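Please look over this note on helix packing alongside the coordinates. Comments follow as numbered points.

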Amino acid sequence: MNEQRVDTVSTYYKLPQKVDRISNFLMWMSICISLIVLYLNKLGPVKEMINILYVIVTILYFLASSINELYLLRKAENKRTTHLLSNGLGVSLDDEFTNRYYNNELPPSIYRLGMNVFENTFFTSSISKKMLYSESIKILMYVIIWFLLLLNRKTPLETIAVVSQTLLGTTLITHGVRIFMLYIESKSLFERFRNVFLNYFSNSFDGNVRVLESQILDLCVKYEVLKGALGVLLSEKIFNEMNKKLTSEWENIKRNIGAISKGPHVF
C-alpha cells in the first residue's frame with residue numbers, strides 16, 4: 001500500500017493562492033499610495049503621477065479579487081466537490097487522484113461520503129479558527145489606529161477619510177467576517193455530523209436508515225453551500241502546519257464515535 005500522501009486536486013488551488021497574495025499586496029499598496037497623496041499637495045506633477053498610479057493599482061486590485069473569488073476559487077472548489085463524490089461513492093467522475101487525503105476506511109457509500117465531509121468540517125473549523133486569530137489581530141490594530149487618529153484633533157480630515165474608507169470600503173473587515181462565519185458554521189456542522197454518526201455507529205442503532213442517509217446528505221449539501229457562499233480560501237501554510245496534529249485528532253474522533261471499530265450497520 002502506498003503511504004505517500006497524494007492530492008492532485010490541490011494543484012487547482014495554487015493559482016487562486018497566488019492571486020490572493022497579489023490581491024492583498026495591491027490592497028495595501030493602494031492604501032499606502034492614498035496616504036502618500038495627502039502629503040504631496042505642493043508637488044503638483046508628482047502628485048498627478050501618483051494619483052494615476054493609485055487608480056491603476058485600485059483597478060488591478062478590483063480585477064484580481066473579483067476574478068479570484070468569482071472564477072478561480074469556484075473552479076477549484078468545484079473540482080474538490082467532484083472528487084469528493086468520486087471518492088465517497090466510488091464512481092470515477094474525474095481523473096484526479098488522492099491518497100491519504102480522506103482518512104476513512106468505509107467502503108464507497110453515502111456513509112463514506114458523509115464521513116469525508118465530516119472530516120472536512122473538522123479540518124475547516126480548525127484551520128479557520130487559526131486564521132481568525134491572525135485576521136482579528138490585523139483588524140484590531142487597524143481599528144486602534146483609526147480611533148487614535150479620530151482622537152487626535154490635529155489629524156487632517158482627509159487622512160481620517162482615507163483610513164475610514166480603507167476600513168469600511170475594502171475587504172479588510174468583510175474577509176474577517178467571512179472567516180468568522182466559516183468557523184462558526186463549519187463547527188456547527190461538525191457537531192451535527194458527530195451526533196449523527198455517534199448514533200449510527202452505536203450497537204443499539206435501530207433507526208430508519210433512509211432518514212439517516214437523508215440527514216447525512218443534507219449536512220453534506222449544507223457544507224458545500226457554505227463554502228461556495230463565503231468563498232474563503234483556507235491557508236495552505238496553516239494546513240501544512242496543523243495537518244499532522246489534526247490527522248491524529250481525527251483518528252481519535254473516529255475512535256470515540258466507534259467508526260474505527262467498523263460498526264455493524266456499515267460492513
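1. Helix H5 (residues 171–200) and helix H6 (residues 209–230) have axes that come within 11 Å and cross at roughly 170°. H5 is therefore roughly antiparallel to H6 (over 145 degrees; 65 to 115 is roughly perpendicular, under 35 roughly parallel, the rest oblique). Axes are lines fitted to C-alpha atoms, for helices over the stretch in contact, with angles from 0 to 180 degrees between N-to-C directions. Helices (H or I, at least four residues) and strands (E, at least two) are DSSP runs, numbered from the N terminus.

2. This is a predicted model: local features need pLDDT of at least 70, side-chain atom pairs count only at pLDDT 80 or more, and totals for chains, interfaces and linings use all residues. Residues are numbered from 1 along each chain as its sequence is written, and side-chain values use heavy atoms, without hydrogens and water.

3. On the H5 side, Leu182, Leu189 and Phe193 are among the residues that meet H6, whose partners include Leu219 and Tyr223. Contact means heavy atoms within 4.5 Å.

4. H3 (110–151) pairs with helix H7 (residues 236–257): their axes come within 10 Å and cross at roughly 135°. That angle makes H3 oblique to H7. Among the H3 residues meeting H7 are Phe118, Glu119 and Phe122; the H7 residues include Thr247, Trp250 and Lys254.

5. Asparagine 103 sits in the loop between strand E2 (98–99) and H3. Its relative accessibility is 14%, so asparagine 103 counts as buried (under 20% relative accessible area; exposed is over 50%, partly exposed in between; 1.4 Å probe, protein chains only). Leaving out residues up to four places away in sequence, asparagine 103 touches Glu119, Thr247, Trp250, Glu251 and Lys254.
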